[in-house]
Amino acid sequence: PEFVKNYKKPLCSDAYSGFVRIAAKEHIKEVENATRHLIHTEIPKLAATLDRLSEKNRKKLNLKEVLHENGINLRYLGLLRHTVKKTEIKAKILVEMVARVIKLNIRRKMREQMKKWKLPLEHNCRQTVIDYLNLVFGSSEESDEHFDKVLAVRMCENFVGALSPEEQKYPLKKMLSETDLCSLFSLVQEMTSLRFPRSALKEFSTDPEIYKFASPFHNTELTEIGVRIRHLNIVALAQGYVLKVGARSHSSVSVENTTRLCKLAMVKFSQALEDNPGDKRALNELADTSSILGNYQEAREYYLRAIAADPMDSNTLFRYAVFLEDKMKLNDDAEEYYLRTLEVNPTHDHCLQRYGHFLECQGNPDAAEDFFIRASEIR
């Protein structure tokens with residue numbers, strides 16, 4: 001939806017349905033042109049952006065969020081991988097594609113077990129899941145064969161351009177480094193909500209030596225087959241807001257507790273953003289929380305994303321102006337956004353009051369008085 005929203009012209013959702021009687025061929029042509037634009041312009045543009053990321057941002061890169069934010073379906077991960085130049089990002093995209101195929105296979109095997117036993121009992125699935133994890137992550141000829149004959153094939157079916165013709169001739173598992181296997185387990189575990197003891201989870205996520213065994217997993221280590229719940233944005237936002245308010249109230253008491261609560265709030269706001277990268281509320285809250293943590297550059301990026309999502313939202317413009325003045329000490333930029341706020345909403349009383357104070361501090365009391373008067377008239 002993000003791509004369709006930002007595309008230069010509206011597209012017909014029924015172009016290929018057969019329901020359209022008038023100008024059907026024109027609608028199909030427009031959709032095809034839009035697809036070419038996505039593939040040849042938007043994907044290379046995103047690839048260039050990813051290549052410019054700092055090492056810190058590459059490590060915390062959320063591919064699902066980034067693709068959705070740029071209006072690109074996850075099915076195009078393969079094309080994105082072949083377009084980026086950074087080896088680290090190529091590897092991250094490959095791990096993401098493999099993990100998603102493994103997730104689908106685990107779900108399919110669990111459905112087969114439930115169908116076989118006619119009961120949705122966890123113990124019937126536990127050994128099946130462990131056996132499959134050992135097949136995928138264990139060091140054996142069967143594992144190598146599964147990667148080449150099952151995972152690689154389904155990956156190419158699910159993702160456009162997943163592997164080049166040359167790569168399809170090469171063993172897929174050998175394309176993953178030892179640390180990639182740890183990352184792969186972490187992604188699969190997160191996607192499937194499989195529960196392991198903390199010590200086992202740490203070992204599988206950080207120690208590649210464990211995957212040199214034929215059967216690294218034992219059924220006693222799988223404590224629970226959880227349920228992956230899609231959080232409602234409004235719930236995650238509310239939880240994050242409560243944590244952020246708690247962080248503000250503890251700021252004068254304990255710096256450590258404030259930091260901890262802010263980081264928990266960031267997780268909740270990021271959950272809200274994951275399925276809707278253009279959610280200006282989540283972006284504003286992430287910006288505010290990053291500011292509390294002192295991560296001003298990160299906060300600025302979130303504010304700019306919120307403004308890009310809705311350039312006519314006066315509250316976002318005002319919050320950004322205050323941030324630029326108070327935290328970044330960029331008075332010229334702050335004044336620009338105060339004025340943009342009032343251009344969008346001339347009766348924004350908080351902005352009128354704040355901009356009056358800004359002008360007063362800049363040595364312009366006469367102009368400031370005009371804005372104070374306007375604010376008092378509205379209130």
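Analyst: Happy to! Let's begin with salt bridges: a salt bridge is a side-chain nitrogen of Lys or Arg within 4 Å of a carboxyl oxygen of Asp or Glu. Keep in mind that this is a predicted model.

User: How many salt bridges does the structure hold?

Analyst: The structure holds 23 salt bridges. One of them joins the side chains of Lys-244 and Glu-285, at 2.6 Å from N to O. This pair links distant parts of the chain, with Lys-244 in helix α11 (residues 233-249) and Glu-285 in helix α13 (residues 280-292), 41 residues apart.

User: Which other residue meets Lys-244 in a salt bridge?

Analyst: Asp-288 does, and the N to O distance between the two side chains is 2.7 Å. Again the pair links distant parts of the chain: Lys-244 belongs to helix α11 and Asp-288 to helix α13, 44 residues apart.

User: Why do Lys-244, Glu-285 and Asp-288 count as buried?

Analyst: Apply the cut-off of under 20% relative accessible area. Lys-244 has a relative accessible area of 4%, so Lys-244 is buried. Glu-285 counts as buried because its relative accessibility is 13%, and Asp-288 is buried with a relative accessible area of 13%.

User: Let's move to helix packing. What describes two packed helices?

Analyst: Two packed helices are described by the angle between their axes and the distance between the axes. Take α13 and α15 as a case: they pack at an angle of about 15 degrees, with their axes 11 Å apart. That angle makes α13 roughly parallel to α15, and α13 passes α15 in a left-handed crossing.

User: Which residues of α13 and α15 meet?

Analyst: From α13, Asn-284, Glu-285, Asp-288 and Ser-291 meet Thr-316, Arg-319 and Phe-323 of α15. By class, this contact of α13 with α15 has one nonpolar, three polar and three charged residues.

User: At what angle do α15 and α17 pack?

Analyst: Helix α15 (residues 314-326) and helix α17 (residues 349-361) pack at an angle of about 20 degrees, and their axes are 11 Å apart. This makes α15 roughly parallel to α17. The crossing in which α15 passes α17 is left-handed. On the α15 side, Phe-318, Val-322, Glu-325 and Asp-326 meet His-350, Cys-351, Arg-354 and Phe-358 in α17. The residues of this contact divide into four nonpolar, one polar and three charged.

User: And where do the axes of α9 and α10 come, and at what angle do they cross?

Analyst: The axes of helix α9 (residues 178-192) and α10 come within 6 Å and cross at roughly 135 degrees. That makes α9 oblique to α10. Cys-182, Phe-185, Ser-186 and Gln-189 of α9 make the contact with Leu-201, Phe-204, Ser-205 and Thr-206 of α10. By class, the contact of α9 with α10 has four nonpolar, four polar and no charged residues.

User: Finally, how should I read a loop residue? Where is Pro-197 found?

Analyst: Start with its place, then look at accessibility and contacts. Pro-197 is in the loop between β1 (194-195) and α10 (198-206). With a relative accessible area of 30%, Pro-197 is partly exposed. Leaving aside neighbours within four places in sequence, Pro-197 is in contact with Glu-221 and Thr-223. The C-alpha atoms of Pro-197 and Glu-221 are separated by 6.6 Å, while the two residues are 24 residues apart along the chain.

User: Is Ala-15 buried or exposed?

Analyst: Ala-15 is buried, with a relative accessible area of 7%. Ala-15 is found in the loop between α1 (2-6) and α2 (24-51). Beyond its neighbours within four places in sequence, Ala-15 is in contact with His-27, Ile-28 and Val-31.

Key: Residues are numbered from 1 along each chain as its sequence is written. This is a predicted model: local features need pLDDT of at least 70, side-chain atom pairs count only at pLDDT 80 or more; totals for chains, interfaces and linings use all residues. Side-chain values use heavy atoms; hydrogens and water are left out. Axes are lines fitted to C-alpha atoms, for helices over the stretch in contact, and angles run from 0 to 180 degrees between N-to-C directions. Helices (H or I, at least four residues) and strands (E, at least two) are DSSP runs, numbered from the N terminus. Angles under 35 degrees count as roughly parallel, over 145 as roughly antiparallel, 65 to 115 as roughly perpendicular and the rest as oblique. A crossing is left-handed if the near helix is turned anticlockwise from the far one by less than a right angle, and right-handed if clockwise. Contact means heavy atoms within 4.5 Å. Ala, Val, Leu, Ile, Met, Phe, Trp, Tyr, Cys and Pro count as nonpolar, Asp, Glu, Lys and Arg as charged, and the others, Gly among them, as polar. Buried means under 20% relative accessible area, exposed over 50%, partly exposed in between (1.4 Å probe, protein chains only).
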